[in-house]
Amino acid sequence: MGVLRMRSMKDRKVDVMAESTSQWADYKVYYHNQTLDHFNYRPESYTTFRQRYVMNAKYWGGANTSAPIFVYLGDEAALDFQIGSAGFLSDNAPKFKALLHRYYGKSIPFSSREEAFSNASTLGYFSSSQAIADYAEIILHIKKNLSAEKSPVIVVGGSYGGMLAAWFRLKYPHIALGALASSAPILYFDDITPQDGYYSVVSKDFREKSENCYNTLKQSWSEIDRVASQPNGLSILSKQFMTCSPITSASQLKDYLDSNYCEAAQYASPSGDGVSRICNAIDGTSNHTDILGKIFKGLVSFNGNWTCYDVNAFNNPSETDEGWSWQTCSEMVMPIAHGNDTMFQAESFDLDAFVQDCKNAYGVSPRPHWITAEFGGDDIKLILERFGSNIIFSNGLKDPYSSGGVLKSISKSLPAIYTTEGSHCLDILPSLPNDPKWLIKQRRREVEIISNWFRQYYTDLANH
């Protein structure tokens with residue numbers, strides 16, 4: 001599984017969210033002269049770049065009351081696409097501040113995006129450790145400017161941002177009182193989580209919806225290979241799937257379908273379940289429809305009735321894809337593979353091939369064991385019981401990344417909260433009038449836990 005097969009944790013459909021006036025009405029945009037390199041003392045390390053962040057202080061109680069500060073840690077996308085999706089904060093927080101991860105959006109070091117992404121020498125400053133050090137510096141800077149040194153800080157993040165939130169609390173406990181880490185697969189590194197964990201959950205989601213649908217999808221891969229091997233087979237597939245450009249290989253079509261099924265499972269929502277749409281369409285076809293005809297019906301139901309379907313849709317270069325590609329080729333090496341017991345064709349994670357792909361792309365080798373060396377992960381319960389506190393690990397079990405998440409509470413102050421029907425980052429999205437009771441209950445429990453952290457904090461503050 002090469003570099004282009006590694007899955008970003010960001011929904012590409014959310015990536016195209018337009019920046020609206022209503023989303024930005026209560027936010028002010030600021031720029032901080034951020035240090036390029038927090039961990040070295042070479043002359044070039046002191047170079048600064050303009051790092052963008054926004055603040056909403058509309059409902060903040062003020063420094064005089066030591067009112068809490070909530071910080072949303074950006075993930076692998078520009079801030080512009082995240083304001084509207086950070087619902088947990090806007091729904092619950094008396095103050096909301098969102099920070100942007102370096103190298104995404106308008107927080108670009110060097111003179112331009114092209115220069116920043118030009119080679120490994122400039123991309124070398126692009127890491128999770130540098131990112132959370134950015135957050136530490138900005139949070140301290142803002143608290144000083146607001147004379148809010150005694151205001152407790154809660155960091156919140158989802159997906160990759162959820163990992164950053166958990167790691168921030170572990171690395172900077174003097175800055176953040178606590179963290180809400182939503183859908184954070186901090187255990188999907190090295191061999192802590194089975195390689196096929198992600199695809200096992202995808203398969204489970206489809207199988208629970210329909211055994212017939214599951215079996216149809218499972219049989220489709222060999223059928224695609226059979227048709228592709230025939231004379232003019234690729235042309236036949238291009239016509240049958242109404243592709244916008246001719247299919248160049250069976251793997252191109254299979255990768256496209258793979259990504260659609262993963263997106264359907266990962267971002268299932270109570271109001272619009274992609275897995276149900278796909279399976280209902282497959283199950284609703286006549287008995288005379290062949291396997292690939294059923295697969296195409298599922299594709300149309302999930303994506304909509306288009307004039308053609310772009311099999312390169314998940315490979316088109318975007319800011320998220322370019323940034324996440326570097327991150328997976330440096331430190332975020334998540335060994336995701338297709339297992340024998342999934343609805344996909346078996347394919348192991350080939351680390352040697354992955355390393356070679358990264359060398360070809362960037363001229364550097366990944367460091368697949370660095371994340372666990374830097375932040376831990378092995379024996380997490382034993383380790384965090386000894387020194388960790390005030391991190392909520394929240395997950396939805398429909399989310400394939402939950403396979404690499406913390407699903408069992410480690411201690412009273414390190415609770416794991418999950419919902420059987422939940423999906424990727426669903427708990428921190430904006431609340432809706434028709435939200436199911438289990439989702440409302442999950443969010444309410446998170447607020448209760450954070451409120452208890454605040455009560456203890458203010459008690460300690462008064463005593464000291």
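Is K254 buried or exposed? Select K254 to begin. This is a predicted model. K254 counts as buried, because its relative accessibility is 14% and the cut-off for buried is under 20%.

**Stop 1: around K254**

Show the helix that carries this lysine. K254 lies in α11, which covers residues 250-266. A polar contact of 2.8 Å joins it to the side chain of K254. Next, display the other neighbours. Leaving out residues up to four places away in sequence, K254 touches W221, I224, D225 and Q345.

**Stop 2: an aromatic cluster**

Keep W221 on screen. W221 touches K254, and W221 is also part of an aromatic cluster.

**Stop 3**

The structure holds 26 aromatic pairs. Two of them are worth a visit.

Start with Y30 and Y53. Their rings are stacked, 5.5 Å centre to centre, with 15° between the planes. Colour the strands next. Y30 sits in β1 (residues 28-35) and Y53 in β2 (residues 48-56), so the pair ties together parts 23 residues apart in sequence. Y30 counts as partly exposed, at 30% relative accessibility. Y53 counts as buried, at 5%.

Move on to Y103 and F126. This pair is stacked too, 4.5 Å centre to centre and with 0° between the planes. Both residues are in loops. Y103 is in the loop between β4 (96-99) and α4 (113-116), while F126 is in the loop between α5 (120-123) and α6 (128-145). The pair links distant parts of the chain, 23 residues apart. Y103 is buried, with a relative accessible area of 0%. F126 counts as buried as well, at 1% relative accessibility.

**Stop 4: α12 against α13**

α12 passes α13 in a right-handed crossing.

Show side chains to see who makes the contact. From α12, pick G274, R277, I278, A281 and I282. From α13, pick K294, I295, K297, G298, S301 and F302. Colour this set by class. The contact has five nonpolar, three polar and three charged residues.

Key: Residues are numbered from 1 along each chain as its sequence is written. This is a predicted model: local features need pLDDT of at least 70, side-chain atom pairs count only at pLDDT 80 or more; totals for chains, interfaces and linings use all residues. Side-chain values use heavy atoms; hydrogens and water are left out. A crossing is left-handed if the near helix is turned anticlockwise from the far one by less than a right angle, and right-handed if clockwise. Helices (H or I, at least four residues) and strands (E, at least two) are DSSP runs, numbered from the N terminus. Contact means heavy atoms within 4.5 Å. Ala, Val, Leu, Ile, Met, Phe, Trp, Tyr, Cys and Pro count as nonpolar, Asp, Glu, Lys and Arg as charged, and the others, Gly among them, as polar. Buried means under 20% relative accessible area, exposed over 50%, partly exposed in between (1.4 Å probe, protein chains only). A polar contact is a pair of N or O atoms within 3.5 Å; within protein, one must be able to donate a hydrogen and the other to accept it, and residues adjacent in sequence count only if both atoms are side-chain atoms. Rings of Phe, Tyr and Trp (its six-membered ring) pair if their centres lie within 6.5 Å; planes under 30 degrees apart count as stacked, over 60 as edge-to-face and the rest as tilted.
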